[in-house]
Amino acid sequence: MDSPFEILGIEPDADDAEVDRAFRRRVIEVHPDQGGSAAEFNRVRSAYEMIKEGHPIEAVNGEVSGDTPSSSSSASVPDDGDEDEDELRSKIEYLNYEVLDDHGWDLGDDDLFEKAAAANLPHEDYGQFLVQENETLLEAAENRGYAWPYACRGGACANCAVAVFEGEMDTPGDHILPSTMLDSDIRLSCMGAPLTDDMKVVFNVKHLPGLDELRLPPYPFEQAHMND
Ligand code: FES
């Protein structure tokens with residue numbers, strides 16, 4: 001019976017940064033491509049979520065017990081619209097990669113975002129939001145009600161990948177992206193935050209060549225969780 005802290009291999013008094021670092025290390029260790037399993041992966045992810053949500057309770061039969069924390073991945077979190085301007089880091093203009101084909105657009109189009117702005121796309125596919133100092137790009141999207149793709153939240157898959165069209169974004173810590181992807185301005189929204197006041201990103205690029213091979217479909221992990 002391991003506690004969430006034991007599952008991550010940290011002390012109970014670990015601070016947030018230590019918890020984040022431990023999660024990234026563990027989630028890569030238990031990645032199925034590294035010899036781990038979907039069940040182990042889910043256990044690590046559950047432990048991390050328990051600690052972050054303030055429910056660091058005991059695990060039972062290898063599975064973290066207790067109420068399922070309200071997932072930060074929920075797309076139902078409304079935009080409260082009252083962010084303090086002083087705490088805002090960057091303005092993000094986003095575009096869903098999945099709509100490009102429908103309109104005959106290409107990721108390499110210089111005027112991609114101008115065309116998107118003129119196309120009257122729904123908010124889930126095109127728009128803007130603000131990222132606060134303490135948010136990753138994925139967290140910011142989720143906190144404003146968007147359901148951007150993700151799986152591990154720890155840099156071990158490519159489900160959350162975005163293409164940075166304009167501006168700069170970091171990708172700190174251990175992660176699975178090869179240097180060729182970084183050179184092509186691909187970043188992981190679960191780990192990274194904007195480095196510039198304004199940034200344009202195309203999200204949902206997980207099926208791009210080179211990323212699809214790194215991707216971990218979320219469903220096997222959910223299924224493993226249900227079957228445990
Ligand atoms: S969700 Fe897996 S790397 Fe971001």
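The following dialogue explains how to read several features of a predicted model.

Visitor: How many helices and strands does the chain have?

Guide: One begins with the inventory of secondary structure. In this predicted model, the chain contains eight helices and seven strands. Of its 228 residues, 36% count as buried.

Visitor: What is the mean pLDDT of the chain?

Guide: The mean pLDDT here is 78, and 75% of the residues reach 70 or more. Two stretches call for caution. Over residues 58–86 the pLDDT stays under 50, and the model has 48 contacts beyond four places in sequence for them.

Visitor: How should I read a helix, and what span should α2 have?

Guide: The length of a helix can be checked against its residue count. Helix α2 has 14 residues, which at 1.5 Å a residue should span 20 Å; the C-alpha atoms at its ends are 20 Å apart, so the two values agree.

Visitor: Which residues of α2 are buried?

Guide: They are Asp20, Ala22, Phe23, Arg24, Arg26, Val27 and Ile28.

Visitor: Which strands pair with β5?

Guide: For strands, one reads the partners and the sense of the pairing. Strand β5, residues 161–166, pairs with β6, residues 186–188, in the antiparallel sense over three bridges. Within this pairing, Val162 has Arg187 of β6 as its bridge partner. Strand β5 is also joined to β7, residues 198–203, by four bridges, and these two strands run antiparallel.

Visitor: Which residues touch the most other members of the largest nonpolar core?

Guide: A core is read through its members and the elements that supply them. The largest nonpolar core has 51 residues, among which Val44, Val162, Val201 and Val205 touch the most other members. At least two residues come from each of several elements, including α1 (4–8), α2 (16–29), β3 (88–96) and β5. Helix α3 provides the largest share, six residues. Domain 1 (4–67) and domain 2 (86–203) each contribute at least three residues to this core.

Visitor: Which residues does Val44 touch, leaving aside those up to four places away in sequence?

Guide: Val44 touches Ile7, Leu8, Phe23, Arg26, Val27 and Val30. Of these, Phe23, Arg26 and Val27 are among the buried residues of α2.

Visitor: What share of the contacts joins residues 24 or more positions apart?

Guide: Among contacts in the chain with a separation of 6 or more, 65% are between residues 24 or more positions apart. A separate example, given as a distance, is Gly108 and Phe165: they are 57 residues apart along the chain, and their C-alpha atoms are separated by 8.8 Å.

Visitor: Is Gly108 buried or exposed?

Guide: One counts neighbours and compares the count with a cut-off. Gly108 lies in the loop between α4 (100–103) and α5 (112–118). It has 7 other C-beta atoms within 10 Å, and a residue with 12 or fewer is exposed, so Gly108 is exposed.

Visitor: What is the phi of Asn120, and what is that of Arg153?

Guide: Asn120 is not a glycine, yet its phi is positive, about 55°. Arg153, also a residue other than glycine, has a positive phi near 60°. Asn120 is in the loop between α5 and β4 (126–132), whereas Arg153 is in the loop between α6 and β5.

Technical notes: Residues are numbered from 1 along each chain as its sequence is written. This is a predicted model: local features need pLDDT of at least 70, side-chain atom pairs count only at pLDDT 80 or more; totals for chains, interfaces and linings use all residues. Two strands pair if DSSP finds at least two bridges between them. A nonpolar core is a set of buried Ala, Val, Leu, Ile, Met, Phe, Trp, Tyr and Cys residues joined through C-beta atoms within 7 Å. A residue is buried if 20 or more other C-beta atoms lie within 10 Å of its own, exposed if 12 or fewer, and partly exposed in between; C-beta atoms are placed from the backbone. Domain bounds come from an automatic or database domain assignment. Two residues are in contact if their C-beta atoms, placed from the backbone, lie within 7 Å. The expected span of a helix is 1.5 Å times one less than its number of residues. pLDDT is the predictor's confidence in each residue, from 0 to 100.
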